Amino acid sequence: MVKVRIWGSLRTATGGEAEVEVEAATFKELLDRLAEEYPGLKPQIERGVSLALDGVIYREAWFTPIREDSEVVLMPYMAGG
Amino acid sequence: MRYEAPQTVEEAARLLHGAPAPARVLAGGTDLIVQMRSGVAEPALVVDIKRIAGTREIVAEDGGFRIGAAVPCAAMGEHAALCAAWPGIVEAANLIGSTQVQGRATIAGNLCNGSPAADSVPGLVAAGATARIAGPGGVRDCPVVDILAGPGRTTLAPDEFVVSLFLPARPPHAADAYLRFIPRTEMDIAVASAAVNVTLAGDGSVAKAQVALGAVAPTVRLVEAAGEALVGSRMDDGALDAMTVACRAACSPIDDKRGTVEFRIHVAGVLARRAALIAFNRAGGRT
Amino acid sequence: MKTIPVSATVNGDAVEFLCAPDETLLDTLRDRLGLTGAKEGCGSGDCGACSVMLDGRVVCACLVLAAEAEGAEISTVEGLAQGERLHPLQRHFIDEAALQCGVCTPGILVAAKALLDRNPDPTDEEVRYWLAGNLCRCTGYDKIIRAVKSAAAEMRGDAR
Amino acid sequence: MTRYERIDRKFKQVGTRPARPDGVDKVTGRAMYGADLTAPGMLWAKVLRSPHAHARIRSIDTSAAEALEGVKAVVTGADFSLPEDEALRDVSVNCMARDKVLYDGHAVAAVAAVSPAVAKAALKLVKVDYEVLPHVIDVDEAMRPGAPVVQEGRSYENVPGGMSANVTSHCEFGHGDLDAGFARADLVVERSFRTAATHQGYIEPHACLAAVTTDGRADLWCCTQGHFMVRETCAALLGLDSSQLRVTASEIGGGFGGKTTVFVEPVALALSRKTGRPVKAVMSREEVFRATGPTVHASIDVKIGMTRSGRITAGEAHLRYSGGAFPCATVDMGAQAAFAAYDLDAVRTFGWNAMTNRPKEAPYRAPGAPQAIYAVESVVDELCKELGLDPLDVRIANAARKGTRSAYGPTFDEIGLLATLEAAKAHPHYTAPLGPNEGRGLSCGFWFNFGGNTCVTMNLALDGTVAITEGNPDIGGSRASISLMAAEELGIPYEKVRTIVADTASIGHSDVTDGSRVTFSVGLATIEAARDAKRKMCERVARLWGIDPEAVEWRDGAVHPAGSNAGRFAPMTIAEIAAASPNTGGPIAGHHEVNADGAGVSFGVHLVDVKVDPDTGSTTVLRYTVFQDAGRAVHPSYVEGQMQGGAVQGIGWALNEEYIYGADGRLQNPGFLDYRVPVASDLPEIDTVILEIPNPGHPYGVRGVGETPIVPPLAAIANAVSRAAGVRLTELPMSPPRVLKAILARG
């Protein structure tokens, strides 16, 4: 199981929890499990999310491996200028 | 559109007189060509006056200077005698737009464009300059102040044009100054401006003063009360305060993208005060 | 609109062209004479990207009618280098990274040359005011001012 | 992310300042920008734009325009498809209005004609019947229930019920107990701020030349930050196969984020398809201001608590942004960036986006961050002033560092903020004396930085020189940096490398040049491509020498035996290996295709001194110093250039730049005369101090540097002006009328 921190406005989809636990070994599995277990997260996941893994931001890489002790933070998908 | 570049004043006058409206005179083109591009001006005829003899010259005349209507502002700054006699007018001319614009723009065009914010006009008004105007009936001379009619408007008839401007002879101990406020250091239209022209008496006090303000009324405005407030003074605070009050009282500006009513009124007074001191010092005055 | 025949000198070469009466010199240079070095950034004389020399003065080509150029001497950025040899301003702009995107560079080089032709030793302030009509959005102007000054020093033959 | 080793080593070429490869072209006028290409038989396009801020289009009659001699085609919204994808659909509607015009300047029709003059005349003959609708320009007004609705049905699920339909999204970030934090504070300051919309202000207007053939093939030349983005977007809007549309990026005359989308490109393609002739479209400056992307405008409330000793106990911000007439996620980034520079126990930010009748926002250098950080850094400065604390000491005491849980969630890795703050403290600027009416301000800045999809091919010529092909338009000298990294990695002179930006048919998909990503991502891919090529060269030489590939090594541009045991062979240089390549297995190339990550966040600190004229409210910038962590400055001149250019854009934003609307909802200043970007005489020298705290996510330690420098100037200048004027300014720009009003009100 990995602990995933979500941002504040997503808590309506997780019953108020700021941190949820899912079974996932990669970024892709994490997104799939989150969408399954918390259907309210689905629209945001479809619009785009980034993943911060131990402080490093990944925007798309599905195969990025996640360890159980990793710090996992979900972030909105972002773009620069 | 037709483009004509006549060689004589008469030919230009004939072209303008016979033109199907609208016709426009082209000197430096820095306003006209912008207006044509944006569609504000759609002239059927453009008369380029730069090939008319004398329009590109500055000549000494009766102790003063006659400045051809097609003399670019940059050329004024290169004329040592003109700079010495009318430093305020020259500095105003050299504030119009960029280096590139000054290589083309003319003070006659600046006048005829009719903008209340025109940089060179307050100085011309304060100087008591006259314009030589050509029309179908020949030429006439007219004080610059009487040419101003409102934003974008002059008292010139559609078939008239300015051939030259005349700056009168200077007595000793006389000088002028011009200041404008813009948000940047260059490239903007004046939000408020002031020109002051002073002549000192033998005792160093102000014998005569003329103050003109720009961008604070529908036209550049000669503020006689402001000039009178300085007469007899050595630019002491009392006289300057009175002048500032007179200037602000003469303002009737608008709120727009460049400034507010309050800002324009306040800053017009500030600029007139600073310009008065500069002109006074240039004239050799000691406070 | 009938076109107007114009004869002029551009970068030392005699040229003849036809232009529409309301056509700007900038459009003629770019679209008829193939000299695309001068750029249109604004079309209103506010950015200086179209700076060219016209009879010894630096002007915005967007604020000149092509018809006015009859008999005129015009020079553009394309005339700055002498064959293979870059003008010192051009070299210093490259060496001192005085350009990023480079679209304002032709206009700035033409304007800077006009400055150095009349004032071989300008102060920072003189350079900044002379070039105030040339907008650059990339560099913050710092390296441009330095490059103009070091080109000026080289042209004066100062020891460097 | 690969954690790279030896990023701290000594470099031979990285860190030097060679001439850029496109330099001569750019100083001689030879470089070809968007508007510089012509084609035989070319037509000219012009676009008709809405004069209304908000109106329903009842009908468009193009018959008179089509009948004009010289007009070859007219297109309207009906000529473009509406893709399923929401973002693409918005781009389509933004390029050409459908049932409604949503802002002054919104495109409604376009013509192609034999000359610009004929095209312009034709526009006047297009008759559009508008039903003018009420409009809304201001974000706070747009959020009020009952405000005119810009578009219906665009709110995301995260917007609570009962709000105006203009509110499209809501976000919230942060951690900790705000109430407890504020309770611990000795002083709490709460302020509201406003920032105007600004424009990227690139000097080159959007321009393109399109040529579509009747068999569905198309070529497009345009100035863009990302020609692959142009390809995908235009293909979707026109129903073309991406592979049949070849897009070539011209030299680009500035972008700053504004050229990360399309405007006239699909229009020129549609007109070309309709006419069977090449079509050139060039925007005027007025069109650029009215119809291309400004930033969001913002209304922000910030509340921060501090102890007497300068410890921040809690921070809270409410950000209301408007990205114009479409949904916009920029506020998400603002809400995440607002407090990034601080190590806080309690922090919370709330963001809202609301639609207004303004042009669709396009990203502008660190989108969303400058506004948010301006508000936060202004309040921090006010707290410092009220409590009599040194503003740099307070920032040092509260600075985020390695191990800090950031305000937006993740825990920071190696970051350079503390070192940057300490460099500012040690700099003579910080202690230089100030005169009357002068003030000093400072601010931290932050940007995330991104990596992204990147392709590099490195081809070895038979003489051993190297050609690098990449897919990211070079805005600020990136070809020089990329060539430098290739030369460094291969151990050959910089002059032996040439880097080009290839068209979309010649290299794999590359994301737009944005997010400060090019030196990082393309550099990373270049180094990896070079390593790939080196491996291949080592294999060739090992085979020639008849030894194991492990027994050779690459050193100083040549293959050497790895040690005395490997045998005695004269080293083989890259030129010798290249010359022998036909005999050893054929051409040698290195590749790297990657979706790069590990960009590493970026921090900067700006110090500024200003003088305020108390009689006119005019601000003069006297001295300016930028401190920033570049990870590794590959070509320091262009790193400095980014720092200086970003600072000056921020100065413009702080002092004069703004979108000004009339009561009629029309933009009043669509030109460089009244949209006042800084000119040379407005500015002092911009000093730079580059720090190099290597980024472990890049083989040479590079961090993106392009965006962060626009973030700090807003607050740095606001803090300096507020101190000089003796009154706190809370609205940007701090134009002279606004400053004078505040000074006169202060008394």
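Student: What relative accessibility does D:Asn449 have, and is the residue buried or exposed?
Tutor: D:Asn449 counts as buried because its relative accessibility is 3%. Buried means under 20% relative accessible area, exposed is over 50%, and partly exposed is in between (1.4 Å probe, protein chains only). This is a predicted model, so local features need pLDDT of at least 70, side-chain atom pairs count only at pLDDT 80 or more, and totals for chains, interfaces and linings use all residues. Residues are numbered from 1 along each chain as its sequence is written, chains are lettered from A and ligands numbered from 1 in the order in which they are written, and side-chain values use heavy atoms, with hydrogens and water left out.

Student: Where does D:Asn449 sit, and what's its phi?
Tutor: D:Asn449 is in the loop between strand S16 (438-447) and strand S17 (452-460) of chain D. Its phi is positive, about 70°, although D:Asn449 is not a glycine. Helices (H or I, at least four residues) and strands (E, at least two) are DSSP runs, numbered from the N terminus.

Student: What about C:Tyr141, what's its phi?
Tutor: C:Tyr141 has a phi near 70°, a positive value in a residue other than glycine. It lies in the loop between H4 and H5 of chain C, and C:Tyr141 counts as buried because its relative accessibility is 2%.

Student: Which peptide bond is cis around D:Pro733?
Tutor: The one from D:Leu732 to D:Pro733, with omega near 0°. D:Pro733 is found in the loop between strand S27 (731-732) and H20 of chain D.

Student: OK, interfaces. Which chains have the most contacts among the four pairs that touch?
Tutor: Chains C and D. There, 41 residues of chain C are in contact with 51 residues of chain D, where contact means heavy atoms within 4.5 Å.

Student: How much area do chain C and chain D bury?
Tutor: About 3700 Å² between them, with 57% of it on carbon and sulfur atoms. C:Ile94, C:Gln100 and C:Arg137 supply 22% of the area that chain C buries against chain D, more than any other three residues. Buried area here is the accessible area (1.4 Å probe) that two parts lose on being put together, summed over both.

Student: How many salt bridges are there between chain C and chain D?
Tutor: Five, a salt bridge being a side-chain nitrogen of Lys or Arg within 4 Å of a carboxyl oxygen of Asp or Glu. In one of them, the side chains of C:Arg30 and D:Asp36 meet at 2.7 Å, N to O.

Student: And which part of chain C gives the largest share of the side that touches chain D?
Tutor: H5(C), with four residues. By class, that side of chain C has 20 nonpolar, nine polar and 12 charged residues. Ala, Val, Leu, Ile, Met, Phe, Trp, Tyr, Cys and Pro count as nonpolar, Asp, Glu, Lys and Arg as charged, and the others, Gly among them, as polar.

Student: Back to C:Arg30. Which residues of H1(C) are buried?
Tutor: C:Leu25, C:Leu26, C:Thr28, C:Leu29 and C:Arg30. The buried residues of H1(C) pack against strand S1 (4-10), strand S2 (13-19), strand S3 (51-54) and strand S5 (73-75) of chain C. After H1(C) comes C:Gly34, with a positive phi near 70°.

Student: Now chain D against chain B. How many residues are in contact?
Tutor: 23 residues of chain D are in contact with 20 residues of chain B. The area buried between chain D and chain B is about 1900 Å², and carbon and sulfur atoms give 54% of that. On the chain D side, D:Leu673, D:Arg676 and D:Pro737 lose the most area to chain B, together 25% of what that side buries.

Student: How many salt bridges does the rule find across chain D and chain B?
Tutor: Six. Among them, B:Arg274 pairs with D:Asp613, the closest N and O atoms being 3.0 Å apart. Helix H20 (residues 736-746) of chain D gives the largest share of the side of chain D that touches chain B, four residues.

Student: How far apart are the nearest C-alpha atoms of chain A and chain B?
Tutor: They are 26 Å apart, and the two chains do not touch. Chain A and chain C do not touch either, with nearest C-alpha atoms 14 Å apart.
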